[in-house]
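Student: I have a model open here and would like to talk through how its chain packs. Could we take it step by step?

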Amino acid sequence: MGTNSKNDWQERSKAWAATSVQGISADDTFNQMIIAETRIRAGEKILDVASGTGNPAVSIAHSMKNDGEVVCADLTPLMLQTARQRAEKLELGIMQFAAADMAALPFAAGQFDAITCRFGIMFPEDKVAVAREATRVLKPGGRIAYIVWGAYEENPPFHVSRRAVAEYLGTEEGPVPARHSLSAPGTLQNILREAGLSKVEECELRYRNKVDDVDDYVTRNLKRSFAKETENMTSAEFSLLKEAVIEAWQPFIEDGILQVPNYARLGLGWKTT
Ligand SMILES: C[S@@+](CC[C@H](N)C(=O)[O-])C[C@H]1O[C@@H](n2cnc3c(N)ncnc32)[C@H](O)[C@@H]1O
């Protein structure tokens with residue numbers, strides 16, 4: 001993953017579109033956590049920014065049972081196309097889609113009950129300005145929730161596969177810097193406070209993703225996160241790489257099931273009434 005330019009994300013969105021699951025996510029845990037922590041209720045008007053292929057927007061609309069409004073916004077139109085297909089599959093008529101930069105939202109002030117963002121705020125340069133812009137479009141009394149990835153070394157979904165791929169290809173291994181840039185405890189809370197939110201909280205989110213189909217999990221991960229490295233591989237070469245990554249996951253098999261620990265941080269802020 002290189003820069004955060006629109007072209008860069010448009011390029012990456014091809015792999016995201018190809019590997020995205022239709023309907024509800026195969027692993028919906030972080031989405032359900034953000035819904036619960038933000039206390040999203042049916043009938044509300046929600047904005048999900050940097051939503052990508054619709055996370056958590058699709059799960060939010062689903063939880064609201066088609067009562068309310070969910071605006072799914074992202075910088076990258078191709079990402080939104082996949083989000084729209086997922087919404088259509090689930091008949092989520094309350095969803096709208098907007099190509100929008102989270103640093104300059106195309107919405108009037110004071111409209112949303114809650115704003116969510118999963119794994120997006122790490123990328124823009126001025127995070128406080130982004131949170132301030134979200135605060136502008138929030139109703140008085142509304143809330144904002146950001147989820148960011150925790151530290152690389154505590155996140156096997158990244159370091160296990162990156163290490164195995166680097167070893168297999170004989171390349172350098174290391175984290176994608178932007179992805180973990182807000183992982184230090186307290187960072188999110190400070191951003192929300194500096195943006196002018198009245199009450200702010202931060203907590204850690206951890207769970208084990210029990211993977212039913214390891215082959216499918218590793219294949220999707222390789223095709224999404226290592227698109228450039230794998231796109232010109234023959235199917236025999238791809239199978240060998242996949243086997244190497246599956247082997248690297250062996251220490252995480254418990255009771256015969258791959259259990260992948262995930263670690264993120266959630267920051268929550270309320271706008272003054
Ligand atoms: C890691 S993905 C997360 C997508 C989704 N929220 C999820 O959790 O699967 C980051 C997303 O941020 C979007 N993005 C990057 N910079 C952005 C910006 N300035 N404004 C809006 N979206 C942005 C990208 O297009 C991409 O879809």
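Student: Leaving aside its neighbours within four places in sequence, which residues is Val70 in contact with?

Tutor: Happy to start there, with a note that this is a predicted model, where local features need pLDDT of at least 70, side-chain atom pairs count only at pLDDT 80 or more, and totals for chains, interfaces and linings use all residues. Residues are numbered from 1 along each chain as its sequence is written, and side-chain values use heavy atoms, without hydrogens and water. Contact means heavy atoms within 4.5 Å. On that basis, the partners of Val70 are Ile46, Ala57, Ile60, Ala61, Met64, Ile94, Met95 and Gln96.

Student: How many residues does the largest nonpolar core have?

Tutor: A nonpolar core is a set of buried Ala, Val, Leu, Ile, Met, Phe, Trp, Tyr and Cys residues joined through side-chain atoms within 4.5 Å; buried means under 20% relative accessible area, with a 1.4 Å probe and protein chains only. Phe30, Leu47, Val70, Met95 and Tyr146 have the most contacts inside the largest one. Its residue count is 66.

Student: Which strand gives the most to this core?

Tutor: Strands are DSSP runs (E, at least two residues), numbered from the N terminus. The top contributor, with seven residues, spans 138-149 and is strand S5.

Student: And how many residues are in the other core, the one with Trp249?

Tutor: That core lies apart from the largest one. Among its members are Val165, Val211, Trp249 and Leu258, and its size is 15 residues.

Student: What share of the protein chain is buried?

Tutor: The protein chain has 273 residues. Of these, the buried share is 52%.

Conventions:
Buried < 20%, exposed > 50% of the residue type's maximum accessible area, 1.4 Å probe, protein only. Helix = DSSP H or I, 4+ residues; strand = E, 2+ residues; numbered from the N terminus.
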